[in-house]
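Here is a short briefing for a reader who is new to this structure. Look over the sequence and the model, then work through the points by topic.

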Amino acid sequence: MATLEIRDLHVSIDTDQGAKEILRGVDLTINEGEIHAIMGPNGSGKSTLAYTIAGHPRYTVDSGSITLDGEDVLAMSVDERAKAGLFLAMQYPVEIPGVTVSNFLRTAKTALDGEAPPLRAWVKDLKSSMEALRMDRGFAERNVNEGFSGGEKKRHEIVQLELLKPKFAVLDETDSGLDVDALKIVSEGVNRVKESTGLGVLLITHYTRILRYIKPDFVHVFVEGRIAEQGGAELADRLENEGYDRFVTSTPVA
Ligand code: ADP
Ligand code: MG
Ligand code: MG
């Protein structure tokens with residue numbers, strides 16, 4: 001069984017005032033097929049965790065470990081992380097001039113598998129994935145991220161999940177900027193991929209709204225750079241009613 005394991009992770013960033021510790025000892029284990037929601041106030045370090053898993057050069061790991069099936073993720077390049085089975089939604093956030101969605105996906109798949117997918121099956125998979133997400137067929141011929149709306153960006157992420165079949169996905173604020181219809185479609189997409197491939201998901205969100213559609217197996221409350229409490233789906237309901245106040249100490253991180 002695939003496992004992504006984060007142990008006592010401490011991460012800092014360089015600022016004008018010197019190094020600033022953002023993550024202060026994060027422990028988290030995600031098994032395949034599990035959905036873990038990370039919820040927490042703004043500035044608590046949720047995106048820092050996502051970027052660190054992604055291997056963003058801005059973030060310095062001071063101590064601790066991230067392993068995927070026992071392999072040291074922190075020693076891997078960004079490409080190697082993808083090959084090992086990590087999907088990081090923010091990995092390709094930029095516009096890629098002249099590269100269509102269709103080409104991008106096929107190139108990514110070829111790079112991951114070490115060989116190009118058979119064309120017919122590929123075209124069929126792409127089409128059915130886009131249909132399930134109710135995307136216009138013309139979308140495949142648009143340039144990656146060029147003028148994409150929030151909803152199109154998110155759907156593009158789900159198409160990638162469906163076609164690239166990673167072991168684990170880190171989805172940071174996948175719900176931001178989505179109307180309810182789009183949120184439902186994207187959530188159904190995540191659930192569908194989880195069911196069909198055993199994807200493990202780290203779902204980072206500030207709001208409980210998306211958790212009505214994607215049922216988390218575990219909820220972690222992230223405060224001041226570490227996990228302050230964990231529970232099941234019921235913890236999200238409590239957070240919705242009570243907010244994060246009782247978890248926040250008097251010393252702000254920022
Ligand atoms: P979240 O995603 O939970 O809102 P972030 O990981 O984005 O939190 O930020 C965590 C902390 O790191 C915040 O205190 C934020 O101010 C700080 N931070 C993030 N990026 C920078 C940056 N580029 N320069 C200075 N501080 C930063
Ligand atoms: Mg520690
Ligand atoms: Mg964030």
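**A hairpin to start from**

Strand 9 and strand 10 make a hairpin, with two residues between them. Glu224 sits in the turn and has a positive phi of about 50°. This is a predicted model. The points below go from this hairpin to its sheet, then to the other sheet, the helices and the chain.

**Around the hairpin**

- Five bridges hold strand 9 and strand 10 together in the antiparallel sense.
- Phe222 has Ile227 as its bridge partner in strand 10.
- Five of the six residues of strand 9 are buried, so strand 9 is largely enclosed by the rest of the structure.

- Six strands make up an open sheet, in the order 6-7-8-3-9-10. The pairing in this sheet is mixed.
- Strand 6 (86–88) and strand 10 (226–231) are the edge strands, and each pairs on one side only.
- From one strand to the next, the twist averages 20°.

**Strand 3, inside that sheet**

- Which strands pair with strand 3 in the parallel sense? Strand 9 (residues 218–223) does, and four bridges link it to strand 3 (residues 35–39). Strand 8 (residues 200–205) also runs parallel to strand 3, and five bridges join the two.
- Met39 stands opposite Thr205 in strand 8, and opposite Val221 in strand 9.
- Ala37 has its bridge partner in strand 9 too: Val219.
- Is strand 3 mostly covered or mostly open? Mostly covered: five of its five residues are buried.
- The cover lies over both faces of strand 3. Ile35, Ala37 and Met39 are buried on one side. His36 and Ile38 are buried on the other.

- Another open sheet has four strands, in the order 2-1-4-5, with antiparallel pairing.
- Strand 2 (18–31) and strand 5 (71–72) stand at its edges. Each has a single partner strand, so one side of each is left without a neighbour in the sheet.
- Strand 1 and strand 2 form a hairpin with two residues between them. They run antiparallel and are joined by eleven bridges.
- Glu5 stands opposite Thr29 in strand 2.
- Strand 1 (residues 3–15) also runs antiparallel to strand 4 (residues 59–68), with eight bridges between them.
- His10 has Ser63 as its bridge partner in strand 4.

- Helix 3 (residues 101–113) has 13 residues. From its first C-alpha to its last it reaches 18 Å, close to the 18 Å expected at 1.5 Å a residue.
- How do helix 3 and helix 5 (residues 150–164) cross, and at what angle? Their axes come within 10 Å and cross at roughly 35°. The crossing is right-handed.
- Which residues meet there? Val101, Leu105, Ala108, Lys109 and Leu112 come from helix 3. His156, Val159, Gln160, Leu163 and Leu164 come from helix 5.
- An α-helix has 3.6 residues a turn, so residues three or four places apart point the same way.

- Ser128 lies in helix 4 (residues 119–132).
- Is Ser128 buried or exposed? It has 11 C-beta neighbours inside 10 Å, so it counts as exposed. The cut-off for exposed is 12 or fewer.
- Ser128 and Asp16 are 112 residues apart along the chain. Their C-alpha atoms are separated by 49 Å.

**The chain as a whole**

- The chain has seven helices and ten strands.
- Its radius of gyration is 18 Å, close to the 18 Å that the globule rule gives for 254 residues, so the chain is as compact as a globular protein of that length.
- The C-alpha trace spans about 55 × 40 × 40 Å along its principal axes.
- Of the 254 residues in the chain, 36% are buried.
- Among contacts with a separation of 6 or more, 72% are between residues 24 or more positions apart.

Terms used:
Residues numbered from 1 in each chain as written. Chains lettered and ligands numbered in written order. Predicted model: local features only at pLDDT ≥ 70, side-chain atom pairs only at ≥ 80, totals over all residues. Rg over C-alpha atoms; globule rule 2.2 N^0.38 Å. Buried ≥ 20, exposed ≤ 12 C-beta atoms within 10 Å, placed from the backbone. Contact = placed C-beta atoms within 7 Å. Expected span 1.5 Å × (residues − 1). Pairing = 2+ DSSP bridges. Axes fitted to C-alpha atoms, helices over the stretch in contact; angles between N-to-C directions. Left-handed = near helix turned anticlockwise from the far one by under 90°.
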